[in-house]
Amino acid sequence: MPDTGVPGEPAAARATRAVPLPIVLVGPMGAGKSRVGARLASSVGAPFVDTDQRIAERYGPIEEIFAREGEAYFRVIEREVVAEALREEAVVSLGGGAVLDADTRADLAHLAVVWLQVSAEAVAPRLTGGTRPLLAEGGVERWIRIRDERRPLYEQVAGLAIDTSRRSVARIVDEITEWAGARA
Ligand SMILES: Nc1ncnc2c1ncn2[C@@H]1O[C@H](COP(=O)(O)OP(=O)(O)OP(=O)(O)O)[C@@H](O)[C@H]1O
Ligand SMILES: O=C(O)C1=C[C@@H](O)[C@@H](O)[C@H](O)C1
Ligand SMILES: [Mg+2]
């Protein structure tokens, strides 16, 4: 087999990069999908796509889409952006509610999907300062309700679940890389 690694790089470090793409991150708001996704992408040398970010680039801030057009419209454009992103050889972080779409769940059935989990206690300080329209009212209680409603959907699509409450981003990246590498 040809050696495609970086000259001088230890074989073990190279081996960790052989992962199937896309790798998709799902989970509730504040679980760390954006932060872990960006770090994972740079670690495995893949592009990073955050579907919330892509929606905002194309259609404007998400809270404005919710305010102007409503959630149902947001879900339609989210589905389009997600379908496109899932065809890319990238690390893809989905919005927290993307799994509500049945076509998205069907797409995810064939892919390496990681469910990032977080406890209510750990997420509370992570949610401050954000612009999350579904949490504009109701705070952590509302977050818990949304998380619980969607739990079966995350469970259905994911091949690996990681509790991020007390893990460093670096450790989460290592665990995903190891799991995905074994699927390659
Ligand atoms: N493992 C972690 N430990 C501590 N803080 C974290 C961890 N992962 C992410 N965070 C912090 O939690 C906050 C939310 O993370 P992030 O934006 O990545 O979540 P998200 O899942 O993308 O949320 P959303 O669905 O709202 O986009 C950020 O301030 C981030 O720096
Ligand atoms: O959980 C949700 O439904 C959402 C999560 C965010 O990632 C954004 O996609 C948006 O704020 C909706
Ligand atoms: Mg995010």
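Reader: Does S34 count as buried, exposed or partly exposed, and why?

Author: This is a predicted model, in which local features need pLDDT of at least 70 and side-chain atom pairs count only at pLDDT 80 or more, while totals for chains, interfaces and linings use all residues. Residues are numbered from 1 along each chain as its sequence is written, and chains are lettered from A and ligands numbered from 1 in the order in which they are written. S34 counts as partly exposed because it has 17 C-beta neighbours inside 10 Å; a residue is buried if 20 or more other C-beta atoms lie within 10 Å of its own, exposed if 12 or fewer, and partly exposed in between, with C-beta atoms placed from the backbone. S34 lies in helix α2, residues 33–44, where a helix is a DSSP run of H or I with at least four residues, numbered from the N terminus. Leaving aside neighbours within four places in sequence, S34 is in contact with D50 and S93, contact meaning that the C-beta atoms of two residues, placed from the backbone, lie within 7 Å. UniProt, in an unreviewed entry, lists S34 for "binding site", although such annotations may be inferred rather than shown by experiment. In the model, S34 is among the closest of the 18 residues that surround ligand 1, together with G32, K33, R35 and R126, a residue being near a molecule if its C-beta atom, placed from the backbone, lies within 6 Å of it. Helix α2 gives the most to this shell around ligand 1, with 4 residues.

Terms used
Helices (H or I, at least four residues) and strands (E, at least two) are DSSP runs, numbered from the N terminus.
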